[in-house]
Amino acid sequence: MVSIAPTSTDIPKLEEFAQGLPNICGWENAVRSVVQRNEPVFLPITNIRLEDISAAFAIALHMHQPTIPAGPNGEYIGHLQYMFEHTGEGDNHNAGPFSWCYSRMGEFIPELVANGCNPRVMLDYSGNLLWGLRQMGRHDVIDSLKRITCDPQYYLHVEWLGTMWSHAVVPSTPLPDLKLHIQAWQHYFASIFGWEALARVKGFSPPEMHLPNHPDTLFEFIKALKESGYRWIMVQEHSVETLEGHSLGYKHLPHRLIARNSQGETTSITALIKTQGSDTKLVAQMQPYYEAKTLSKQQMGSVTVPPIVTQIGDGENGGVMMNEFPDGFKRTTYEIAQNNGGKSGTVALNGTEYLELIEAAGCSPDDYPTCQAVQQHKIWQRLDPENVTPEKMAEAIAQLKQEDHQFHVDGSSWTNNLNWVQGYENVVGPMNSLSALFHQKIDPLLGDENLTQQPRYRQALLNNLLTQTSCFRYWGQGMWTDFARSIYERAIEQLNNDF
């Protein structure tokens, strides 16, 4: 199997820890040089020919455990460690099965490949989870993942998706921190799996599939993704609309997500559409495969291409993922392998592989149907994108909120019953205050080339990102908001003492 070109030997190997903290900053230029490489990633090594397939499906497994101040003397530990240490609370008895879920693709992929199959899976692990596994000494889990990530026998079959370091939901994350989360994850991923593995990470999975719909937030988010080397994003079908404000028509082709801001600027990124809701049964029971079997090739531009059914679910959470997914994934992969070794008819593909195949066949992102964040059509019906200003946009949004009780700019996710902002002011308020103080203290010092490698900066960055973890809101009041308050208080103290 041919490998993609190795990264520059001038770039030093990153250590996972620096001064006892996860290596989430300090090598921004090196990260940028690796992720901005433009050559194809999977096209040189794929064993799929586009003309041989009628449809494809892609599944992604989302894995996360938050970091909490619950170790000795309030030290940061991963929640999985807390589960093992408090087995009598809630569903903490699942700590063991969860651990296996985090590592098991390292068993499944080699087994299936050895048996003549052609599996595919996309993995989305938060930075918190990867760090927490290392903290608690679960090197077996990391080694299992390394095998399928770094061994040329297997990495065609496994695509990692980038995400926010600390599982922060994008619409309520302070804008200056969006890129900090994105880069922190890239740093830590490279420190574990190496630069060449990072160079293959081209798709992005936003936590909770939460897409911002405020025009300025969406613009800054997509800008940050593109500056960080990402080529595409996975979005929930209900979080986007056509430019005319309608639901998407055909969801099984890539779209071009358009973002226009209050300054009159426009940017875009390729989007793969995650269909339906967040029910993990769709992944556990391999529904995307069975849906893909009913589809046929579609015309896009001057090219006829196979459609792709894209789905993501929690990789560990719930009985169906813990118990039904292994058999469902293997059974389906063996079934597909009966058709030319899983290389013709309806096949499994990963996102970047699929996009590179259809673009090599002549598709251009300009040919993709366009979409925008949901409810934005109401804003642009009132504003001329060519003559918009921040003041005009603020006025239009204020009017819409008064006139239309269904209108909001809090974003949309796969958990549409949760707003992530309203009712969480006791977390969001301090979170925003901390971020403001972080940038007030640190931004004037960024001219110092070594600042981001200093322990005081790394600690301040870590504290800031940890307060933005969505879990501190998802689980409501009580212990989780207490965790957030504890992190906030030590973060404020450290910023004031060290800067």
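1. By class, the second largest pocket is lined by 13 nonpolar, 8 polar and 6 charged residues. (Nonpolar here is Ala, Val, Leu, Ile, Met, Phe, Trp, Tyr, Cys and Pro; charged is Asp, Glu, Lys and Arg; the others, Gly among them, are polar.) This is a predicted model, where local features need pLDDT of at least 70 and side-chain atom pairs pLDDT 80 or more, while totals for chains, interfaces and linings use all residues. Residues are numbered from 1 along each chain as its sequence is written, and side-chain values use heavy atoms, with hydrogens and water left out.

2. Still on that pocket: its space comes to about 510 Å³, a volume being what is filled by probe spheres set on grid points joined across faces, edges and corners. A pocket is an open set of points on a 1 Å grid over the protein atoms alone, where a 1.4 Å probe fits, with protein on both sides within 12 Å along at least five of seven lines; lining residues have an atom within 4 Å of a point. There are 27 lining residues, and Glu-28, Arg-32, Gln-183, Leu-446 and Thr-452 lie nearest the centre. Helices H1 (28–35), H7 (175–193), H16 (425–442) and H17 (455–467) each give two or more residues to the lining, with H7 giving the most, 6 residues. (Helices are DSSP runs of H or I, at least four residues, and strands runs of E, at least two, numbered from the N terminus.)

3. Have a look at H15 (residues 390–403). Its 14 residues reach 20 Å from first C-alpha to last, close to the expected 20 Å, which is 1.5 Å times one less than the number of residues. Met-393, Ala-396, Ile-397 and Leu-400 are buried (under 20% relative accessible area; exposed is over 50%, partly exposed in between, with a 1.4 Å probe and protein chains only). Down the axis of H15 these buried residues fall within an arc of 100°, so they line one face; the arc is taken from the directions from the helix axis to the C-beta atoms. Glu-391 and Gln-402 are exposed on the face turned away. The cover over the buried residues includes H9 (215–227) and H14 (376–380), judged by contact, meaning heavy atoms within 4.5 Å.

4. In H4 (residues 105–114), the buried residues are Met-105, Gly-106, Phe-108, Ile-109, Pro-110 and Leu-112. Among the elements covering them are strand S3 (53–63), helix H6 (139–150) and H12.

5. Finally, Gly-318 sits in the loop between strand S15 (308–314) and helix H12 (319–337). Gly-318 is partly exposed, at 27% relative accessible area.
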